[in-house]
Amino acid sequence: MKIAYFWLTSQGKKIVEKIQENLGGKIESKQNFKTSVQEDFKNYDALVFVMATGIVIRVIADLLIAKHKDPAVIVLDQQGKFVISLLSGHLGGANALACQIAEILNALPVITTATDIENIIAFDIFAKNNNLIIENLENLKYISSAMLEYQKITVYSDFLLQEFDNIIIKNNLPAQVIISDKILEFQAYSEKMLILRPKSLVIGIGCKKNISFENLESCVLELLELKKLSILSVAKIASIKLKQYEPAILKLCETYHLELEIIPDEKIRACKAKFETSEFVEKITGLPSVAEACSYLGSDCGEVLTGKIKFSGITLAICRKKLDKLYFKK
């Protein structure tokens, strides 16, 4: 976690220096305070202030974007007695960071998030801990509200899920929470349903040199729609060494924040799984298979969801990684 520290007095500086010794990060000068906050708000994971809460609220007010994008903001008093989690308590990690800092200073963490106070499950923390993407964050409030009323929550999951108090695991719809990489039938959804997307899919790509990004993107989205799979569940793109600098592939990964894994040629040749081969592809690349083999090996030999799907100048294949069991933690 990249942390920036702000202080206004010599006593405040001593406090941030002690925290920085333990957690690392950058201590800002008190000169150009407002400008530094504006820059760091965009570029750091957490901002820690030793000053009055009112000052902090006024300086960050115009910088706020959304709860899933804003950095963690922590405020401490002049004597370092209280550590306040002010912003992005769950997704931004402010609550956890406040507790860390409080332990360093032997101070009192001030946490106001209702689920933390009541010591119940928060599904945004569950998503973060299990590398799940929240598709409709606006619906989180309905689930959190129900949990705070100690109501039972029904969860449909395509992946192994820990049994837990007040959680009813269903194998059919409707449910209040869906954990799936599949686009399920619209009729099965309700207005208050929370949808969590696991990072489970690997797309193997083979393509002609200098294919356009627009063409590649269109083919990928078309295939996902055809197979009723969510783009939010794509974990990585996999291809061969010959394509490691292919502009369209690189732009696809940048646009959708995807990892690019280059599968070594020797690993493809050594793979004993049966893939559809192509004399033309082998002539160009020296390999019997590109898209299928890359998808399969990139998913750690996971579940094959498609064979080789051909488009004009592009070949795609999708596999599903085997995910670890999903766990709830209070």
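**Figure 1. Phe33 and Phe49 in the predicted model are both buried.** The structure shown here and in the other views is a predicted model. Phe33 has a relative accessibility of 15% and therefore counts as buried. The ring centres of Phe33 and Phe49 lie 6.4 Å apart with the planes at 85 degrees, so the pair is edge-to-face. Distant parts of the chain are linked by this pair: Phe33 belongs to helix α2, Phe49 to strand β3 (residues 46–50), and the two are 16 residues apart.

**Figure 2. Phe6 and Phe33 form an edge-to-face aromatic pair.** Eight aromatic pairs are found in a search of the whole structure. For Phe6 and Phe33, the separation is 6.0 Å centre to centre, with 80 degrees between the planes. The pair joins strand β1 (residues 3–7), which holds Phe6, to helix α2 (residues 33–43), which holds Phe33, across 27 residues of the chain. Phe6 has 1% relative accessibility and so counts as buried.

**Figure 3. The largest nonpolar core comprises 23 residues.** Within this core, the residues with the most contacts are Phe123, Phe126, Ile153, Val177, Ile179 and Leu196. Two or more residues each come from α6 (123–129), β7 (132–134), α7 (140–148), β8 (153–157), β10 (177–179) and β11 (194–198). Helix α7 gives the largest share, four residues. Another core, of 22 residues, lies apart from this one and includes Ile211, Phe213, Val220 and Leu223.

**Figure 4. Surroundings of Phe123.** Leaving aside residues up to four places away in sequence, Phe123 touches Leu140, Ile143, Met147, Ile153, Val155, Ile167, Val177, Leu194, Leu196 and Phe328. Phe123 also belongs to an aromatic cluster, together with Phe126, Phe164 and Phe328.

**Figure 5. An open sheet of five strands with mixed pairing.** The strand order is β7-β11-β10-β8-β9. Strands β7 and β9 (167–170) are at the edges with a single partner strand each, so one side of each has no neighbour in the sheet. On average, neighbouring strands are turned by 25 degrees against each other, direction ignored. Strands β8 and β9 are paired in the parallel sense over four bridges. Val155 stands opposite Ile169 of β9. Helix α7 packs on the sheet, where α7 touches β8, β10 and β11. The direction of α7 makes about 130 degrees with that of β8.

**Figure 6. Glu149 in the loop between α7 and β8.** The relative accessible area of Glu149 is 56%, over the 50% cut-off, so this residue is exposed. Asp40 is 109 residues away from Glu149 along the chain, and the C-alpha atoms of the two residues are separated by 38 Å.

**Figure 7. Lysine charges over tyrosine rings: Lys2 with Tyr44, and Lys141 with Tyr142.** The charged end of Lys2 sits over the ring of Tyr44 at 4.7 Å from the ring centre. For Lys141, the charged end sits over the ring of Tyr142, 4.8 Å from the centre of that ring.

Key: Residues numbered from 1 in each chain as written. Predicted model: local features only at pLDDT ≥ 70, side-chain atom pairs only at ≥ 80, totals over all residues. Heavy atoms only, no water. Core = buried A, V, L, I, M, F, W, Y, C linked by side-chain atoms within 4.5 Å. Buried < 20%, exposed > 50% of the residue type's maximum accessible area, 1.4 Å probe, protein only. Contact = heavy atoms within 4.5 Å. Phe/Tyr/Trp six-rings, centres within 6.5 Å; stacked < 30°, edge-to-face > 60°. Lys NZ or Arg CZ within 6 Å of the ring centre and 35° of its normal. Pairing = 2+ DSSP bridges. Axes fitted to C-alpha atoms, helices over the stretch in contact; angles between N-to-C directions.
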